Amino acid sequence: MIAVSFVGSYPTVDFRLEPARPEICVLGRSNVGKSSLINAFAGRKALARTSRTPGKTRLCNVFDAGVFYLVDLPGYGYARIGREERRGLQRLIRDYVAERETLVGAVWLLDVRRDPSAHDLEIVELLDRRALPVLVAITKADKLGRGRRKQRTEAILAAVGLPEDQCVVTSARTGEGIDDLRDSIFAFAGDGDA
Ligand code: GTP
Ligand code: MG
């Protein structure tokens, strides 16, 4: 198990981290399970705050994973907040992915039960524009049986145009796929031994 600690929460993308390290961001629609996955990744129950109510994370929450920082970004696509705030969060995500120099890769979460939304497809464009390595984490796998899960994963990957070897099927609830996810994330950060 690796030690992961909370560093801070930032409302804009020009925050400075000491020491400087590569950053890996966690992206996904509101309520997809970003904070839960970070907790599972860290083997901690309440490192990142989770909630039944979508739109819980509205800042860039930074976690120190030793050789890299993990950045929990606000969820997109949440309808029940004011338009101004929603635009602000979208801008934050876009600016972070487009401009953050220390960003080396993205973990993009997609719910096993949902077809990718228009907002999800905008993320593909954003990642493409920067040619950023991306790992898809299918979330909440425990909600479906094995066969259905496989079908849904294939459909989701086809919709976003990414290959199976860039995808890990996970459940923060049962711990499924979390070791694979950890290995893939460390490989991203250029540390294959972890
Ligand atoms: P925002 O911060 O609002 O963008 O949400 P988030 O993406 O961080 O989601 P969060 O981790 O807060 O989880 C949202 C809800 O989904 C919570 O009720 C979680 O308990 C639930 N959830 C997260 N991961 C899983 C999972 O693997 N399985 C199941 N069954 N539920 C999950
Ligand atoms: Mg969250």
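A residue counts as buried when its relative accessible area is under 20%, as exposed when that area is over 50%, and as partly exposed in between (1.4 Å probe, protein chains only). The structure here is a predicted model, in which local features need pLDDT of at least 70, side-chain atom pairs count only at pLDDT 80 or more, and totals for chains, interfaces and linings use all residues. Residues are numbered from 1 along each chain as its sequence is written, chains are lettered from A and ligands numbered from 1 in the order in which they are written, and side-chain values use heavy atoms, with hydrogens and water left out.

Thr174 sits in the loop between strand S7 (167–169) and helix H5 (178–188); helices (H or I, at least four residues) and strands (E, at least two) are DSSP runs, numbered from the N terminus. A polar atom of the Thr174 side chain lies 3.2 Å from the backbone nitrogen of Glu176. Although Thr174 and Ala40 are 134 residues apart in sequence, their C-alpha atoms are 9.3 Å apart in space.

Glu23, found in strand S2, is another story: it is buried, with a relative accessible area of 1%. Its side chain makes a polar contact (a pair of N or O atoms within 3.5 Å; within protein, one must be able to donate a hydrogen and the other to accept it, and residues adjacent in sequence count only if both atoms are side-chain atoms) with the side chain of Tyr96, at 2.8 Å. Leaving aside residues up to four places away in sequence, Glu23 touches (heavy atoms within 4.5 Å) several residues, including Phe15, Tyr69, Val71 and Arg100.

Tyr69 and Val71 belong to S4, where they point one way while Leu70 and Asp72 point the other way, and all are buried. In a regular strand the side chains alternate between the two faces of the sheet. Strands pair if DSSP finds at least two bridges between them. S4 pairs with S2 in the parallel sense over 4 bridges, and Asp72 is the bridge partner of Val26. S3 and S4 run antiparallel, joined by 4 bridges.

What about the nonpolar core, a set of buried Ala, Val, Leu, Ile, Met, Phe, Trp, Tyr and Cys residues joined through side-chain atoms within 4.5 Å? The largest one has 34 residues, and Tyr96 and Leu127 are among those that touch the most other members. A second, separate core of 25 residues includes Leu37 and Phe41.
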